[in-house]
Structures are given as structure tokens and as C-alpha cells.
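Welcome! Have a look at the structure below, and then we will walk through it together.

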Amino acid sequence: MLKTGIRQDSAYKHFDFIILDELVLVTCFFISYFIREKNVYSLFNSPLYRTLLFLIILLSLSISFFSQPYKSILRRPFISEAKSIFVFVLYNFLALSLVLVLTKTSSFYSRFTISLTYILFAFFSLFFRTLRKIRLNRRSQASITNAENKMLVITEEKRLGDIIRQIDNYNYEMHEIDGFCVLDKNMKGDEV
């Protein structure tokens, strides 16, 4: 595996999307609570709904790390992104429903508020993820033309094929491959 500072399968690589989704989820919860109760300040006085908010955030983070909904997020087309968000929201909703049923506390909360939270979360998450992807892709395209982002790949001949496959399979579009340097064989002028 090429060393880029962050492991390719690491969730930290998409930490910005995780934070974005959590902010969107909390905002959707506040909006849903406001629509139901016509007052968002009573949320802070209600230990039940504060606990529910904490539980929603905790479940979302857990599902984010275990189901890896951010894998290949920058390369996904819009329809695949919508499907991924739908599955992620469904997992969150089902996990929360299961926890509330198992703890026998589901009757304490408004089904309308919970359902509306996840419906809004699906739409707003799709909107804000798409905006974030557009911004990152524009920055990536701008950095390709920048001369500072050229990359020289240095390897041995026996690993050359693996390195080329990894470059093809992972997102190295923000770097312009300037060339390959094979240490144990003179391949000057050869096409790789």
C-alpha cells in the first residue's frame, strides 16, 4: 500500500463528512422538535429529549464507524450517493427504534419528531454532502494544475505492477504522476 499519511481504509480520511453529517443530524432534530413543540428552548429543559439527542448522535457515530458509509464518497455519482444516504439513514432510524423499544421508552417520545428528523436528515445530508464534494473536487482539479503537486514514484521492479494498480484503484487525482523511478533496473525511456 502506498504511504500517504492516512490509511486508505481509515474513517479519519473522511472526518469532514462525519462532522458535517452530525451537524446536519442535530440541526434536523432541532427543526423537527421546533415544528412539533413550536419552541426549541423547551428541548434544553427536557431531560428526555436531551437524552434522545445524545442517543441519536452516539448511534450515528457508531454506525458511521462500523458500516463505513463514507468509503469512496468522492467518486460516487449522485444516485449512488442518494442510495448510500438512504441506507445510512435507515440504519440510524432502525437502531434508534430498536434501542427505544428494548429500553421500553418509545412511548415517551414523539414518533413525529423522530420520523421527521430522519426524513429531513436524508434530504439535507444529500444536499450538504453534494456541496462538500463539489468544493473538494474543484479544489482537487485546481491543485492538479499546480506544479507543487507532482509526484515521483520510487520503487523496485518487483513492486512496480502492484504500485501501478494501487494508483489506478485509489484516488491520486490530486497528484500529477511525474514519473517512475525503478531502483534496481535501468528502464529509462520504457513506458509503464
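Is Ser62 buried, partly exposed or exposed, and what is its relative accessible area? Ser62 is partly exposed, with a relative accessible area of 29%; buried means under 20%, exposed over 50%, and partly exposed in between, using a 1.4 Å probe and protein chains only.

Before going on, please note that this is a predicted model, in which local features need pLDDT of at least 70, side-chain atom pairs count only at pLDDT 80 or more, and totals for chains, interfaces and linings use all residues. Residues are numbered from 1 along each chain as its sequence is written, and side-chain values use heavy atoms, with hydrogens and water left out.

The protein chain holds 6 helices and 2 strands, in the order α-α-α-α-α-β-α-β along the sequence. Helices (H or I, at least four residues) and strands (E, at least two) are DSSP runs, numbered from the N terminus. Of the 192 residues in the protein chain, 34% are buried.

Ser62 belongs to helix 3. This helix covers residues 47-67 and reaches 30 Å from its first C-alpha to its last, close to the 30 Å expected at 1.5 Å a residue; the expected span is 1.5 Å times one less than the number of residues. Among the buried residues of helix 3 are Tyr49, Leu52, Ile56, Leu59 and Ile63. The buried residues of helix 3 fall within an arc of 165 degrees seen down its axis, so they line one face of the helix; the arc is that of the directions from the helix axis to the C-beta atoms. On the face turned away from that buried side sit the exposed residues Phe54 and Phe66. After helix 3 comes Gln68, with a positive phi near 50 degrees.

Helix 3 also has a packing partner, helix 4 (residues 78-102). Residues of helix 3 including Leu52, Leu55 and Ser67 take part in the meeting with helix 4, whose side includes Phe88, Asn92 and Val99; contact means heavy atoms within 4.5 Å. Ser62 and Asn92 are 30 residues apart in sequence and 9.4 Å apart in space, C-alpha to C-alpha.

Here are two residues side by side.

Leaving aside neighbours within four places in sequence, Asp21 is in contact with Tyr70, Phe88, Phe121, Ser125 and Arg129.

Technical notes
Axes fitted to C-alpha atoms, helices over the stretch in contact; angles between N-to-C directions.
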